[in-house]
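Subject: The structure, and what turned up in it

Hi there,

Here is the structure I promised to pass on. Have a look at it first, and then read on for my notes.

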Amino acid sequence: MRKESGDSVVSCSAWTGGKEDIGKEMRAPVNKIIPFSAVDGYGNRTAVFFQGCNQNCLYCHNPETIQECIHCGACVTTCPAGALSLSDAGRVVYDISKCCNCDTCLKTCTNNASPRIRHMTSKELLEEIRAYLPFIDGVTASGGECSLRSDFLTEFFERIKKEKKTAYMDTNGQIPLWDKKELLAVLDKTMIDLKAGTEEDHRKLTGMGLENPVENIRRMAAIGKLYEIRTVVVPDVVDNARTVALGASLIADVPDVRYKLIKFRHYGVRSEYAGIKEPSDAVMEELRELAAAKGVKNIVVT
Amino acid sequence: MTKDMTKDILQVIRNPKVTFNQRLKDMAKIAENSVELVRYTEKSREYFENGAMMDMFEGKTPYRTRYCVPDFELFLKQGSKFLMLEPPKDIWEAVGNLLCLYHNIPADGGLPVYIGCLDRLLEPFVRDEAEAEKAIRFLLVHVDRTISNAFCHADLSPEDTRAGRIILKLTKEMQRPCPNMTVMYREDMPRDYLMAALDTAMTAAKPSFANDVLYRRDMGDYAVVSCYNVLPIGGCGLTLVRLNMNQLPKLAKDPEDLLNRVIPDAVTAVCDAIDSRCEFIIEDCHYYENTFLYQEGLIKKDKEHMIGMFGFVGLAECVNKIMKLQDPGERFGHGAAADLYAEKVMKKMKEEIEKRPCKYGKYGLHAQVGVMEDSSLTPGGRIPIGEEPELPYQITNFIRMHRDCDAGCGELFPFEKTAQHNPQYLADILKGAFSQGARYLSFYGADSDLVRVTGYLVKKSDIERFDREQMTLNEATVNGSGASKNLHLLDRKVRGEEE
Ligand code: SF4
Ligand code: SF4
Ligand code: SF4
């Protein structure tokens, strides 16, 4: 299901969970952890952002999470705080204690990557967030695209369930989840993107087809593991009414699933796409009405 | 206050910025401060002079308590001989009686800092809900326009009542600062009611939430009044004397000396001052005997109901100064050694207070939030604005430093508006914080367009760009009132979306 050019993104042996990992502890590249988040699912959640994505959306708000670092070294030279260095093996090493969060490295990188990645085991990740557990309903795996790490997530979520917390995934839906039995056993809910309403629009916007996201939405809804679907409304780029019509038809009959309609915003978007218009409130309202008319009861516009 | 009384009087008379009632009060303050009759000890005088202690502008000749917390429930049950009021028979009479009493409370400022646990008081009178709403609106509007002081505080019980629902609804709708409001939170309170309270909190910046289990343990039947002060119902906070902990390092040789010598010395100074002021209020002024509240049993003159409030501010500055901490990773709220030491200081202070016999009633430890004149001084044991760590660590630190604050403490957290779609978010934080031993939390919704709408990260560079744009927009409209300017209140870290 991965696109050609995306293969380099997902080729790092440390986290594919492939055969070469047997005997080794699984690790996943973590870009960032937000301790308390009000916008990543039910209640208060710790959001964990994994590096690497199998889509390449025009308006991606975090393009630096799309690719894995190729260790070209360019950002090592521009970092003003000496937080980055090249190891003898020619790999970028990140020292979180020196980093001043200036984002210079992100601006330097022409590869849509970030050097500020920690490759963590599921145990390390749990220990990292342990202090947050009393205050949260659970965790949300996000990205990039977290379903690229499904083996890792299975392990991580098993630990989360032992702590009596809930496990959510925020996914673009490109990787079929329905046959991942072990993951589903420890996963509470998914939040799935529906970025376009036609195959053509979806390919134009994301570089990937529409089939898997739709099938994932259907199947997760059917087994009660769908929390919400999300559509970012981008004027002129795709036919937003068709997206919403499709989304509404998928969830109208499923109780409790919410439709989140998100205004496209400029923050973080790559400069070549900064010209994309932000939708007006009137457009958002029309789409809300459209979803409501098709029978969706729980709609959030944000 | 200058030395020249004529000048002071003229200033008050001509001040164009105050109402007539305020002018009257300011005149009274001048008269009160023209004589000094409280008999302070040498130790107290020393600490007033070195700046490590202050009397909170309560006045030099206190003839009333700072806070007075009448038993309104008893008042509604028995009416009042003095005020010539029968026990109310319907909600209008109840509201009317309460208003009469509000205007007859002998406390500093002449206005009540507590107007009762309103839902508990009024629920027995709710028959028709529309009628009740009318009466409660009448009460709230009256309180807002005549008491008009954000120190005036109403409480709500953890029970889901019709009166409570109406109060929350009106609070959300009216968006007025007075009265301030606290819900006594319990883990077993009805979820739906908690959600309604949080929903109101996100729009109106109130109610706040008190840990009912903890305060009930410490104070029995309690009320949250004024700025997060906690006092027993039917009691008085006689006076509040404040220790300015940021001034303690200059009296100490090193951290050990501060802990073992200066803290006990300072506790003596503050407790002495509390005793001296209480003595004047009780023995010289016969405060209790001179008010019908005491004669009718609405306030009690016994050990459990007379609280001498021991306030403190600037724990953070104290620790950073005496340990000479510059590195952001080592300062109070961040460094393990600093926090451990701070905790020891607080424990020591509590021990010293407990050791000391109290001349009247008992001492209560209160984390004070500051006065307008403070600058570079952090409330109670909070972490300075601009230095806050991630929210979970800020809450944990707040809990650690305020364990013994039986007479109240508070912490404020601004939240991005996006949390409004998700009141459960706040419910989770409340539940977590209170289960870990937090005493009190307030939330308020911060306005910002930079929203982490969903599923993506916010980069610092974006926030900075956004701030630059906002600054040019806001420059003219920022409310530069004294308190917010001096205390950097506007710099407070916005929660919910932060990195
Ligand atoms: S799926 Fe998300 S992370 Fe991946 S490219 Fe699209 S917007 Fe970016
Ligand atoms: S954000 Fe990047 S460039 Fe800036 S200090 Fe950190 S690692 Fe270096
Ligand atoms: S983050 Fe980008 S610029 Fe830095 S080494 Fe990796 S690929 Fe090169």
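Is A:Cys146 buried or exposed? A:Cys146 is buried, with a relative accessible area of 0% (buried means under 20% relative accessible area, exposed over 50%, and partly exposed in between, with a 1.4 Å probe and protein chains only).

Before the rest, some notes on how to read this. This is a predicted model, so local features need pLDDT of at least 70 and side-chain atom pairs count only at pLDDT 80 or more, while totals for chains, interfaces and linings use all residues. Residues are numbered from 1 along each chain as its sequence is written, chains are lettered from A and ligands numbered from 1 in the order in which they are written, and side-chain values use heavy atoms, with hydrogens and water left out.

**Cysteines**

Over all chains, the structure holds zero disulfides (a disulfide is a pair of cysteine sulfur atoms within 2.5 Å). A:Cys146 is in no disulfide, and the nearest cysteine sulfur, that of A:Cys53, is 9.9 Å away. A:Cys53 is buried too, with a relative accessible area of 9%.

**The sheet of chain A**

Helices (H or I, at least four residues) and strands (E, at least two) are DSSP runs, numbered from the N terminus. Two strands pair if DSSP finds at least two bridges between them. In chain A, nine strands form an open sheet in the order E5-E1-E2-E6-E7-E8-E9-E10-E11, with mixed pairing. Strand E5 (118-120) and E11 of chain A stand at the edges with a single partner strand each, so one side of each is left without a neighbour in the sheet. From one strand to the next, the twist averages 30°. (Axes are lines fitted to C-alpha atoms, for helices over the stretch in contact, and angles run from 0 to 180 degrees between N-to-C directions.)

Within this sheet, E6 (residues 138-142) and E7 (residues 166-171) of chain A pair in the parallel sense over four bridges. The bridge partner of A:Thr140 in E7(A) is A:Tyr168.

**A helix on the sheet**

H9(A), residues 281-293, has 13 residues and reaches 18 Å from its first C-alpha to its last, close to the 18 Å expected at 1.5 Å a residue (the expected span is 1.5 Å times one less than the number of residues). Which residues of H9(A) are buried? They are A:Met284, A:Leu287 and A:Ala291. These cover an arc of only 65° around the axis, which puts them on the same side of H9(A) (the arc is that of the directions from the helix axis to the C-beta atoms). The face turned away from the buried side carries the exposed residues A:Glu286 and A:Ala293.

H9(A) lies across E9, E10 and E11 of chain A, running at about 165° to E10(A). Its buried residues pack against strands E9, E10 and E11 and helix H8 (240-251) of chain A (contact means heavy atoms within 4.5 Å).

**Covered elements in chain B**

In E10(B), residues 306-313, eight of eight residues are buried. Eight bridges join E9(B) to E10(B), and these strands run parallel; B:Leu240 has B:Met309 as its bridge partner in E10(B). Six bridges join E10(B) to E11(B), also in parallel, and B:Gly308 stands opposite B:Tyr363 in E11(B).

Seven of the eight residues of H13(B), residues 315-322, are buried, so this helix is largely enclosed by the rest of the structure. The buried residues of H13(B) pack against H11, E10, H14 and H15 of chain B.

Enjoy exploring!
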